[in-house]
Amino acid sequence: MRTVLRVFGECCLTAGGIVLLFVAYLLWGTGLTTSAHQHAFATQLQRQWGTHRDANPVTTRLHLVTGQPFAFIRIPRFGRTWRFAIVQGTSLAQLALGPGHVPGTALPGQVGNFAVAAHRVTAGNPFYNLNELRPGDRVTIITAAATYTYQVTHTELVLPGDIAVLDPVPGHPRQHPHEAMITLITCDPPWTGTHRIIVFGSLDAQAPRPGGKN
Amino acid sequence: MYQWLWHRLPGGTTTKAACAAILAIAMVALLWFIVFPWITPQVPLDHVMPGG
């Protein structure tokens, strides 16, 4: 009896240790891979954009290739060093690399809805603090062409099935857009799939990208 | 379980401890680099996409 109890206790302790290790892996282990990719993306974009420096920034076309980066996102409220390269696509493979642009939604600065989804936890926890954004907060998107500054307008908590947040005019499937908007998406509460937290913003300013700086 | 394992390890206390440490590190590495990366997409965790 004693032996049985001891083995049972040891199994429980071992299982607990494995679960803790798994949590550590999700929080930091997945982030290591992501940060390696992000590092490579930053170098890649800077090199690509460097060769375009003489080109007319307004006509510089964005090349969207699934799993490839095309822009940087900065959110001052998350800190000065917080910066991620946005990749094209939002399946798990792409979200493991960094925040993803929802295919079919508008491009940065374009009239319509530029939708970006990212993990709350895992993959470097990019949108961990998304719930802390308040109206008036700035979200900056830097592309080869320009720097676009969006201002947060409001936040919504929706169910996972609510795809209307991706509409050109969010929540109004049939309306024609007249405004350039941004939609940031992640899960809420953290670690779960029960809800989505959506932060909306509208384009406030745009400036041609100063030569090579991002 | 661990007591049984301890008795099966060869050598004196130092060798046993070294073997135990190597085994533990190997187990952690197996979980961290092979099991966890495989299991992460399978668990319904942190799904961020609307409709997905």
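Biologist: Which residue stands opposite A:G100 in β4(A)?

Modeller: Strands of a sheet pair through backbone hydrogen bonds, either parallel or antiparallel. In this predicted model, A:G100 stands opposite A:A117 of β4(A). Strand β3 (residues 100–101) of chain A runs antiparallel to β4(A), and two bridges join them. Two strands pair if DSSP finds at least two bridges between them. Strands (E, at least two residues) and helices (H or I, at least four residues) are DSSP runs, numbered from the N terminus.

Biologist: How are residues and chains labelled, and which confidence limits apply?

Modeller: Residues are numbered from 1 along each chain as its sequence is written, while chains are lettered from A and ligands numbered from 1 in the order in which they are written. As the model is predicted, local features need pLDDT of at least 70 and side-chain atom pairs count only at pLDDT 80 or more, but totals for chains, interfaces and linings use all residues.

Biologist: In which sense do β4(A) and β7(A) pair?

Modeller: The sense is parallel, over six bridges. A:F114 has A:I182 in β7(A) as its bridge partner.

Biologist: In what order do the eight strands close into a barrel?

Modeller: The order in chain A is β1-β2-β3-β4-β7-β8-β6-β5, with mixed pairing. β5(A) and β6(A) pair in the antiparallel sense over five bridges, and A:R138 stands opposite A:Q151 in β6(A).

Biologist: Is strand β4 of chain A mostly covered or uncovered?

Modeller: Strand β4 (residues 112–117) is mostly covered, with five of its six residues buried. A residue is buried if 20 or more other C-beta atoms, placed from the backbone, lie within 10 Å of its own.

Biologist: Which residues touch the most other members of the largest nonpolar core?

Modeller: In soluble globular proteins, nonpolar side chains tend to be buried together. A nonpolar core is a set of buried Ala, Val, Leu, Ile, Met, Phe, Trp, Tyr and Cys residues joined through C-beta atoms within 7 Å. The largest here has 46 residues, of which A:I73, A:I86, A:V116 and A:A117 touch the most other members. Elements that each supply at least two residues of this core include α1, β4 and β7 of chain A.

Biologist: How many residues of chain A are in contact with chain B?

Modeller: Two residues are in contact if their C-beta atoms, placed from the backbone, lie within 7 Å. By that rule, 30 residues of chain A are in contact with 16 residues of chain B. The largest share of the side of chain A that touches chain B, nine residues, comes from α1(A).

Terms used:
A residue is buried if 20 or more other C-beta atoms lie within 10 Å of its own, exposed if 12 or fewer, and partly exposed in between; C-beta atoms are placed from the backbone.
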